[in-house]
Amino acid sequence: MQTVNFNDNYFMKEALKEAREAFSKDEVPVGAVVVSNNKIIARSHNLTETLNDVTAHAEILAITSAAENLGGKYLTNCTLYVTLEPCIMCAGALQWSQISKIVIGAPDPKRGYSNFTPSPLHPKTSITTGIMETECSELIKEFFKRIR
């Protein structure tokens, strides 16, 4: 019997599956999963084109799904794995959710929340960056190369 190592790479691979699903729908390939107690409780990918909704980012959809799964609006003791650094809108939503941890694949030097001071994230939220950064970045680059 194989033992599963539930680490940051494992869950980022799951977020990348979501990003690839977005890519296949001609959406900006961002994927997200929310984890609680080593269990994925929500998964999503960008659907802004599909839903014709500028707020349908992977993170927003994951927050909504996770809150519904937990039966409450706060995501304390949860971790969000996301393939691209959240934008300011998503960072604001993550702050309101009081998520405990965010694990980011690739940075977003143009639109990422880290371009804003002070940080829009909740002060108790811990951040890990650069998990599977190469894979996450390559998918984004491939998408934009294809559409330009």
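Tutor: F23 has a relative accessible area of 12% and is buried. Please keep in mind that this is a predicted model.

Student: Why is F23 called buried?

Tutor: The term buried requires a relative accessible area under 20%. F23 is at 12%, so F23 is buried.

Student: Why is F143 called buried?

Tutor: The reasoning uses the cut-off of 20% again. F143 has a relative accessible area of 4%, and therefore F143 is buried.

Student: What makes the pair of F23 and F143 edge-to-face?

Tutor: A pair of aromatic rings is described by the distance of the centres and the angle of the planes. Ring centres must lie within 6.5 Å, and planes over 60 degrees apart count as edge-to-face. For F23 and F143 the values are 5.9 Å centre to centre and 70° between the planes. The distance meets the pairing limit and the angle meets the edge-to-face limit, so the pair is edge-to-face.

Student: How do you know that this pair links distant parts of the chain?

Tutor: F23 belongs to helix α1 (residues 8-24) and F143 to helix α5 (residues 133-147), and the two are 120 residues apart.

Student: Why is the pair of F143 and F144 called edge-to-face?

Tutor: Here the centres are 5.1 Å apart and the angle between the planes is 80°.

Student: Why does F144 count as partly exposed?

Tutor: Partly exposed is the class between buried, under 20%, and exposed, over 50%. The relative accessibility of F144 is 27%, so F144 counts as partly exposed.

Student: How many aromatic pairs does a search of the whole structure find?

Tutor: The search finds six aromatic pairs.

Student: What makes α1 and α5 roughly parallel?

Tutor: Their axes cross at roughly 5° and come within 11 Å. Angles under 35 degrees count as roughly parallel; α1 and α5 are therefore roughly parallel to each other.

Student: Which residues meet where α1 and α5 are in contact?

Tutor: From α1 there are M12, L16, A19, R20 and F23, and from α5 there are E135, C136, L139, E142, F143 and R146. By class, this contact has seven nonpolar, no polar and four charged residues.

Student: Where is D26 found, and which residues is D26 in contact with?

Tutor: D26 is in the loop between α1 and β1. Leaving aside neighbours within four places in sequence, D26 is in contact with E49, F143 and R146. The C-alpha atoms of D26 and I147 are 8.9 Å apart, although these residues are 121 residues apart in sequence.

Student: Why is α3 called roughly parallel to α4?

Tutor: Helix α3 (residues 58-70) and helix α4 (residues 88-97) pack at an angle of about 20°, and their axes are 9 Å apart. Against the limit of 35 degrees, that angle makes α3 roughly parallel to α4. Their crossing is left-handed.

Student: Which residues of α3 and α4 meet?

Tutor: E59, I60 and I63 in α3 meet M89, C90, A93, L94 and S97 in α4. The residues of this contact divide into six nonpolar, one polar and one charged.

Student: Where is K73, and why is K73 called exposed?

Tutor: K73 lies in the loop between α3 and β3. Exposed requires over 50%, and K73 has a relative accessible area of 60%, so K73 is exposed. Apart from neighbours within four places in sequence, K73 is in contact with A67 and S97. K73 and W96, which are 23 residues apart along the chain, have C-alpha atoms separated by 8.7 Å.

Student: How do you know that the peptide bond from T117 to P118 is cis?

Tutor: The omega of that bond is near 0°. P118 lies in the loop between β4 (101-106) and β5 (126-129).

How values were computed
Residues numbered from 1 in each chain as written. Predicted model: local features only at pLDDT ≥ 70, side-chain atom pairs only at ≥ 80, totals over all residues. Heavy atoms only, no water. Axes fitted to C-alpha atoms, helices over the stretch in contact; angles between N-to-C directions. Helix = DSSP H or I, 4+ residues; strand = E, 2+ residues; numbered from the N terminus. Parallel < 35°, antiparallel > 145°, perpendicular 65-115°, else oblique. Left-handed = near helix turned anticlockwise from the far one by under 90°. Contact = heavy atoms within 4.5 Å. Nonpolar A, V, L, I, M, F, W, Y, C, P; charged D, E, K, R; others polar. Phe/Tyr/Trp six-rings, centres within 6.5 Å; stacked < 30°, edge-to-face > 60°. Buried < 20%, exposed > 50% of the residue type's maximum accessible area, 1.4 Å probe, protein only.
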